[in-house]
Amino acid sequence: MKVLITDKINESAGKIIEPVAQVDFLPTMTEEELIKIIPQYDALMVRSQTKVTSKIIEAGKNLKIIGRAGVGVDNIDVESATQKGIIVVNSPDGNTIAAAEHTIALMFAMARNIVPAALSTKEGKWDRSKFTGCELFGKTLGIIGFGKIGTHVAEVALSLGMKLVIYDPYASKDVVEKFGAEYAESLDDFWGKCDFITVHVPKNNETVNLINKSTIAKMKNGVRLINCARGGIINERDLKEALESGYVASAAIDVYENEPNISECSLISCSGNLVLTPHLGASTKEAQLNVATDVATQIKEVLSGGSASSAVNIPSLRPDKLEPVKDYMLIAENSGELGMQLSDGVIKSIEITAQGDLAGLDIQPLEVAVLKGALSSILEGINYVNAPVIAKKRGIDIISTRSNIKCNFAGLLSIKFKTDKGENVVSGALVAKDIPRIVKINDYETSIRPQKHMLIVPHVNKPSMIAKVAKVIGENNINIGSMNVVQKNDKHETESIMVINIDSEVNNSVLSEISKIDGVHNPKYIKLNAQV
């Protein structure tokens, strides 16, 4: 067997794999170059530079596993790999410590004015009074996002004698308080309590522009901000203005809206107290060694007939369990994504009910698919391996039941999402044996083809509602692919929903416009990562 390693991955990876396969280290190649040589390899290991496209995967007739030495797999066509039966793996935990430590390092650098003091001293100056800083001890650190990195930052901060306020709508209040931190019910309850604020959340529709002019105004005068998560979570222009006015005492930024092209970034010319680093969160020798070792070990195990520990696609599940329900995996994941994004508040339980043919089968793979979809909507790095573990860690009750009540489909999967603010039900099925559809949303019977971008618009059933919503969408240059308008079965019911498939993302300003239409309430933008 042969393994190809590219993108300047640590040489330790080759030493791990060599006992079971020949290893070739080659420089980063173009798609055309890879297509020519990939047929001879059983495994491929890359970082972020190589784009593993569907054409490369199609040419890799002997490929059994593709490994990404890092957290994400954005540069790998996972769907094509899955269809070809190729396992895709990554290293979800390899850079957790590095990213957390960089956050702490930036916090110290801000507090003690390390960067300007170092530059001044190198110029032969002795301006001690000019660089008087502040202690971290006794200060309140606000953490947005209590995942793996946020938790480690919190642990270190506690050891420094800092107080903690945590905002994470998907974290349990009990877990946060047992940790020794204060739980913020809302961001409005969070902003004004913090001397330092750090963000550790994925970049999505809810977190883009999370820290902006209006939210900064709710913070303490003299607050200090850190972003080692994703560019765009903090509005760069608004941050520059707040720094230059002195309202924000200092900031430390490792990630940017347009990487690596940051020459036009407004922060570059900022005259305020600011530390900038070029996305160094995972750039430690240890982190690079960790991800290389992790992925190489998984490749070795798979090539030796074993299983992968961090697979991100279907082949990681046992074939004997997967085979009977494999056609339902995608609609199960879509239903999990949709239901979670419809739900407000902290998720408490997910109840999965199988009907029809599914009632007589082992639906454990479908449970995992539902969890992967649900948790992927709120967290990064979720896969079929870690979804059940993370759900348990977050105190989410998973209830699986079977129903003998007859249904209109060969197999029906209904998922009830209970939060501290209410519940939602989403049902998925296969139409004509192999066409996945969302067939029910709460009390509305539907037939929706899952797509990447969707709008759910509850509204009063009265004339011109469709036209008014469509007008807002069109005026924002968003194309409508299809629309499904559904009323409840009760003929006297005045409530309906529009389910609109669109071609692009919808930002909060568009949702705000739609919500202002008389008769519309609580519209939701849904993004499905698992697609047909």
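**Salt bridges and overall build**

Lys125 is partly exposed, with a relative accessible area of 43%, where partly exposed lies between buried (under 20%) and exposed (over 50%), as found with a 1.4 Å probe and protein chains only. The model is predicted, so local features need pLDDT of at least 70 and side-chain atom pairs count only at pLDDT 80 or more, whereas totals for chains, interfaces and linings use all residues. Residues are numbered from 1 along each chain as its sequence is written, and side-chain values use heavy atoms, leaving out hydrogens and water.

Salt bridges
- Lys125 pairs with Glu123 in a salt bridge whose closest N and O atoms are 3.3 Å apart, a salt bridge being a side-chain nitrogen of Lys or Arg within 4 Å of a carboxyl oxygen of Asp or Glu.
- Glu123 is exposed, at a relative accessible area of 56%.
- Lys527 and Glu505 also form a salt bridge, with their closest N and O atoms 3.0 Å apart.
- Because Lys527 lies in strand β22 (residues 524-527) and Glu505 in the loop between β21 (495-502) and α17 (508-515), this pair ties together parts that are 22 residues apart in sequence.
- Glu182, Asp189 and Lys193 are linked in a network of salt bridges, and the count by this rule comes to 18 salt bridges.

Overall build
- The protein has 17 helices and 22 strands, which are DSSP runs (helices H or I, at least four residues; strands E, at least two) numbered from the N terminus.
- Of the 532 residues of the protein, 51% count as buried.
- The C-alpha atoms fill a box of roughly 80 × 65 × 45 Å, taken along the principal axes.
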